[in-house]
Amino acid sequence: QVQLVESGGGLVQPGGSLRLSCAASGTISRINSMGWNRQAPGKQRELVATISSNGSTSFADSVKGRFTISRDNAKNTVHLQMNSLKPEDTAVYSCYLDGTDSRKGSSFRAWGQGAQVTVSS
């Protein structure tokens, strides 16, 4: 069983910064990629950022230049640094992990519980 635990959400003023973290634990033999999605009320879920096993990253156009994603392989943790936040960044942010289960040898995607990010003055 794999668990993802997120931390770091909250309320921030426009222009401010927040850092989200997501720590993975459980029966993981290999992590292929980790990343973050977000979903605002009444909107579709949006892929925000991903980081692959070789460290390559990708970002939604809406966050390019403002968000960065990093990964600590030793701790199975991924971080999303969000700068210059805007009200339209308000959403529930969920991390995900694509990996291989060490017991079953099968591929899986696991999700975190979600962290609320609110950008408001």
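Select D89 first: its relative accessibility is 1%, so D89 counts as buried (buried is under 20% relative accessible area, partly exposed in between, exposed over 50%, with a 1.4 Å probe and protein chains only). You are looking at a predicted model, where local features need pLDDT of at least 70, side-chain atom pairs count only at pLDDT 80 or more, and totals for chains, interfaces and linings use all residues. Residues are numbered from 1 along each chain as its sequence is written, and side-chain values use heavy atoms, leaving out hydrogens and water.

Where along the chain is D89? It sits in the loop between β8 (77-82) and β9 (91-101). Strands here are DSSP runs (E, at least two residues), helices are runs of H or I with at least four residues, and both are numbered from the N terminus.

The side chains of D89 and R66 are joined by a polar contact of 2.7 Å. Such a contact is a pair of N or O atoms within 3.5 Å; within protein, one must be able to donate a hydrogen and the other to accept it, and residues adjacent in sequence count only if both atoms are side-chain atoms. Leaving aside residues up to four places away in sequence, D89 also touches others, including R38, F67 and V117 (contact means heavy atoms within 4.5 Å).

Next, select Y93, which belongs to strand β9. Is Y93 buried or exposed? With a relative accessible area of 0%, Y93 is buried. Bring R38 back into view: a polar contact of 2.8 Å links its side chain to that of Y93. Among the residues touching Y93, beyond those up to four places away in sequence, are W36, R38, F67 and L80. Try the distance tool on L80 and Y93: they are 13 residues apart in sequence, and their C-alpha atoms are 9.9 Å apart in space.

Finally, zoom out and colour by secondary structure. How many strands does the protein have? There are 11 strands and zero helices. Turn the model around: the C-alpha atoms fill a box of roughly 50 × 25 × 25 Å along the principal axes. Colour by burial, and 44% of the 121 residues count as buried.
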